[in-house]
Amino acid sequence: MAQQPIGTKGPGPGLKKSLTPAQMAMIALGSAIGTGLFAGSKLAIAMAGPSVILSYVLGGVIALLVMGALAEMTVKQPVAGSFGVYAERYLGRYAGYLTKYMYWSALIFAVGTEVSAIGEYMQFWFPEVPGVLWVLLFSAALLVVNFSSVKVFGTTEYWFSAIKVFAVIAFIVVAAWLVFHDPTDGFGVANYTAESGFFANGLSGTWSAVIVAIFSYMGIEAISIAAAEARNPQLAVRKAFKVSFLRLLLFYVLTMALILAIAPTSELVAGGSPFVTVMDQVGIPFAGSVLNFVLIIAALSAMNAQLYAATRMLHSLADAGHAPRLAHRTSSNGAPVHAVWMSAGGIGVAAVAVAVLPEGGFGLMMSLATFGALATWFMILLTHVGFRRQAARERSPLEFKLPGYPAASILGAVLLGGLLLTTLFVEEFKFTLVFGLPFVVVMSLLYRLVFARRHPARLR
């Protein structure tokens with residue numbers, strides 16, 4: 001069966017090539033270092049205890065496989081729509097359509113996760129002000145940024161990410177000093193086994209916490225989406241891949257190791273953000289306010305990058321005729337303005353969740369976003385297998401290769417499939433498949449009834 005065209009080569013109609021390699025690396029970090037690290041880590045610690053360190057290592061290995069597969073395909077052909085377009089070419093039109101919509105759903109709910117967390121963080125300073133007001137205020141500000149040119153977005157995201165990267169590095173330095181400067185002060189690896197042992201909730205707890213780790217790492221795939229608007233996409237992708245993965249692994253794994261060496265699991269679970277609990281051990285004046293500011297910047301940065309990726313994915317869907325044509329239009333500065341407001345649905349859901357469930361809005365949004373995150377990464381690795389098979393048939397040279405193919409891609413896909421099934425048995429993610437499976441059914445019916453009729457000869 002003949003392959004369909006991969007889609008628009010280059011940035012896509014109306015999009016501008018304005019992003020630098022440094023900005024692309026920060027976009028990936030901006031998406032991945034957010035509430036998943038600062039707030040979600042508490043949930044992961046509650047699930048796994050000290051063995052959560054291994055959970056983040058395993059999640060990091062899966063992330064490495066996904067990033068490697070994406071980098072290989074993106075270096076070969078950077079396009080608007082990225083892995084959604086690749087899935088269309090190498091797995092079929094329906095697969096591309098579904099991949100794009102699953103990822104778009106993950107992003108809009110992830111945006112809701114970040115902004116609902118901001119509503120909670122602002123309660124630290126203004127406990128009398130309803131969190132939903134902060135949700136609406138900060139959402140409006142970031143919508144303005146995304147309505148602007150990609151250059152404005154890239155600059156904003158660069159500085160947002162730079163602030164939180166500096167903050168995480170400072171935290172690592174302070175935490176390392178606490179752990180290693182005086183072995184008699186109660187801080188150290190002895191805390192790993194001080195209470196219920198390293199595997200506090202067994203191997204099942206360690207495995208379940210990998211779901212939180214994957215949610216936390218979600219956003220690294222934004223590198224491939226941003227490549228279509230990069231000045232030198234092949235060079236930018238290779239550099240961003242290497243830099244962002246090493247930083248993510250350093251920030252997550254090392255940070256978790258230090259946090260668990262400073263405070264017992266019971267204290268971390270009983271407190272707010274594990275970062276706040278650790279800073280309380282230091283006794284630095286105004287540490288709580290400073291850290292709360294960093295938490296808000298981190299959430300804004302992740303929200304900004306995720307909204308960017310969501311608009312570009314919707315733009316790509318419209319380019320393929322799978323979304324309202326309005327989403328394909330761009331303004332004079334190259335921003336897909338209609339795709340921006342159409343992708344702001346997660347903000348609306350978050351506003352309702354925060355208003356109805358002030359204490360549980362974040363958890364609900366994370367549970368909803370997790371389906372699209374796991375399913376999209378699964379599809380990326382399946383697409384990579386199809387990509388390699390076609391490259392082998394055509395004897396097409398590859399400038400960048402994922403080591404260990406095909407075992408690496410297949411292993412990653414199996415692990416992600418297992419994590420999706422595991423959500424059925426984890427209370428915190430009980431809505432993941434409850435939302436995800438009906439979503440796939442509805443979108444599949446929509447494809448069959450609407451898009452397949454428009455292009456019956458191209459149906460997969």
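Modeller: A salt bridge here is a side-chain nitrogen of Lys or Arg within 4 Å of a carboxyl oxygen of Asp or Glu. The model is a predicted one, and two salt bridges are found in it. One joins Glu 72 to Arg 388, with 2.5 Å between the closest N and O atoms. This pair links distant parts of the chain, since Glu 72 sits in helix H4 (residues 52-76) and Arg 388 in helix H17 (residues 361-394), 316 residues apart. Glu 72 counts as buried at 1% relative accessibility, and Arg 388 is buried too, at 14%. The other salt bridge is between Lys 430 and Glu 427, where the closest N and O atoms are 3.1 Å apart. Here Lys 430 is partly exposed, at 41% relative accessibility, while Glu 427 is exposed, at 54%.

Turning to the rings, the count is 18 aromatic pairs. In one of them, the ring centres of Phe 171 and Phe 275 are 4.6 Å apart and the planes stand at 45°, so the pair is tilted. Phe 171 belongs to helix H8 (residues 150-180) and Phe 275 to helix H13 (residues 274-282), so the pair ties together parts 104 residues apart in sequence. Phe 171 is buried, with a relative accessible area of 5%, as is Phe 275, with 1%. Phe 371 and Phe 435 have ring centres 6.5 Å apart and planes at 85°, so this pair is edge-to-face. Phe 371 lies in helix H17 and Phe 435 in helix H19 (residues 432-454), 64 residues apart; both are buried. Finally, Tyr 94, Tyr 97, Tyr 101, Trp 104 and Tyr 447 make up one aromatic cluster.

Notes:
Residues are numbered from 1 along each chain as its sequence is written. This is a predicted model: local features need pLDDT of at least 70, side-chain atom pairs count only at pLDDT 80 or more; totals for chains, interfaces and linings use all residues. Side-chain values use heavy atoms; hydrogens and water are left out. Helices (H or I, at least four residues) and strands (E, at least two) are DSSP runs, numbered from the N terminus. Buried means under 20% relative accessible area, exposed over 50%, partly exposed in between (1.4 Å probe, protein chains only). Rings of Phe, Tyr and Trp (its six-membered ring) pair if their centres lie within 6.5 Å; planes under 30 degrees apart count as stacked, over 60 as edge-to-face and the rest as tilted.
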